[in-house]
Amino acid sequence: KYAAKGATDSAAAATAMSSGRKAVDGAIGMIPGEEGPVPVEHMAERAEKLGKATGVITSVPFSHATPAGFLVHEGSRGSYVEIARQMIHDSAAEVVMGAGHPWFDDSGRFVDLPLDAKQRAKRFSYIGEENWLALAAGKAGGDADGDGDPDPWALIQTRQGFQDLASGDTPARVFGLATVAST
């Protein structure tokens with residue numbers, strides 16, 4: 001019956017993998033409910049309740065459906081800015097890494113800030129300008145450890161920054177944003 005409908009959407013597939021439940025196509029972290037889609041607990045939330053560290057690492061923009069399916073609850077897989085907001089400000093994850101850097105193109109070349117609103121919106125489409133500014137300022141991150149105090153992300157953007165994670169002290173929370181828009 002399901003095979004005749006075609007391939008599963010990656011948002012639903014990631015949700016199913018992370019929750020063990022049949023999910024809603026096009027939605028992230030949502031399962032069918034009696035009155036429409038409802039959020040479902042995924043493995044990262046369950047692991048956090050057990051005191052385990054969690055996170056996602058991807059080669060695609062971090063706010064895409066597959067990585068988001070392990071940390072977020074969102075009715076539309078295309079709501080990248082809201083997905084990014086939830087990952088950055090609401091999730092209890094300790095690690096998020098991927099593409100989606102607003103200052104670099106798909107080839108990893110730095111690009112100047114576009115001037116018009118349409119170009120500006122496109123430049124920040126995977127992260128959102130407000131989310132980016134908070135993350136870059138070291139002010140982004142909710143209460144990940146449950147002590148009532150904000151737990152900001154340490155933003156890693158450079159090759160050297162990623163290499164430095166392999167030795168020495170590591171931050172409590174690491175947000176790695178490769179210098180590329182998309183892959």
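Biologist: In this predicted model, which residues does I88 touch, not counting residues up to four places away in sequence?

Modeller: Contact here means heavy atoms within 4.5 Å. Leaving aside residues up to four places away in sequence, I88 touches F62, I127, N131, L135, A140, G141, G142, W153 and F175.

Biologist: Which residues touch the most other members of the largest nonpolar core?

Modeller: The largest nonpolar core holds 26 residues. Those that touch the most other members are F62, I88 and V96.

Biologist: Which element gives the most residues to this core?

Modeller: Two or more residues come from each of α3 (65–68), α4 (80–90), α6 (129–136) and β6 (174–177). The element that gives the most, with 4 residues, is α4.

Biologist: What is the order of the strands in the open sheet?

Modeller: The sheet has 4 strands, with parallel pairing. Its edge strands, each pairing on one side only, are β3 (55–61) and β5 (154–156). Neighbouring strands are turned by 10° against each other on average, direction ignored. The order is β3-β4-β6-β5.

Biologist: Which residue is the bridge partner of V95 in β6?

Modeller: Strand β4 covers residues 95–99 and pairs with β6 in the parallel sense over 4 bridges. In β6, the bridge partner of V95 is V174.

Biologist: Which residue of β4 is the bridge partner of I57?

Modeller: Strands β3 and β4 run parallel and are joined by 4 bridges. In β4, the partner of I57 is M97.

Biologist: Why is β4 described as largely enclosed by the rest of the structure?

Modeller: A residue counts as buried under 20% relative accessible area. Strand β4 is largely enclosed because, of its 5 residues, the number buried is 4.

Note on methods. Residues are numbered from 1 along each chain as its sequence is written. This is a predicted model: local features need pLDDT of at least 70, side-chain atom pairs count only at pLDDT 80 or more; totals for chains, interfaces and linings use all residues. Side-chain values use heavy atoms; hydrogens and water are left out. A nonpolar core is a set of buried Ala, Val, Leu, Ile, Met, Phe, Trp, Tyr and Cys residues joined through side-chain atoms within 4.5 Å. Buried means under 20% relative accessible area, exposed over 50%, partly exposed in between (1.4 Å probe, protein chains only). Two strands pair if DSSP finds at least two bridges between them. Axes are lines fitted to C-alpha atoms, for helices over the stretch in contact, and angles run from 0 to 180 degrees between N-to-C directions.
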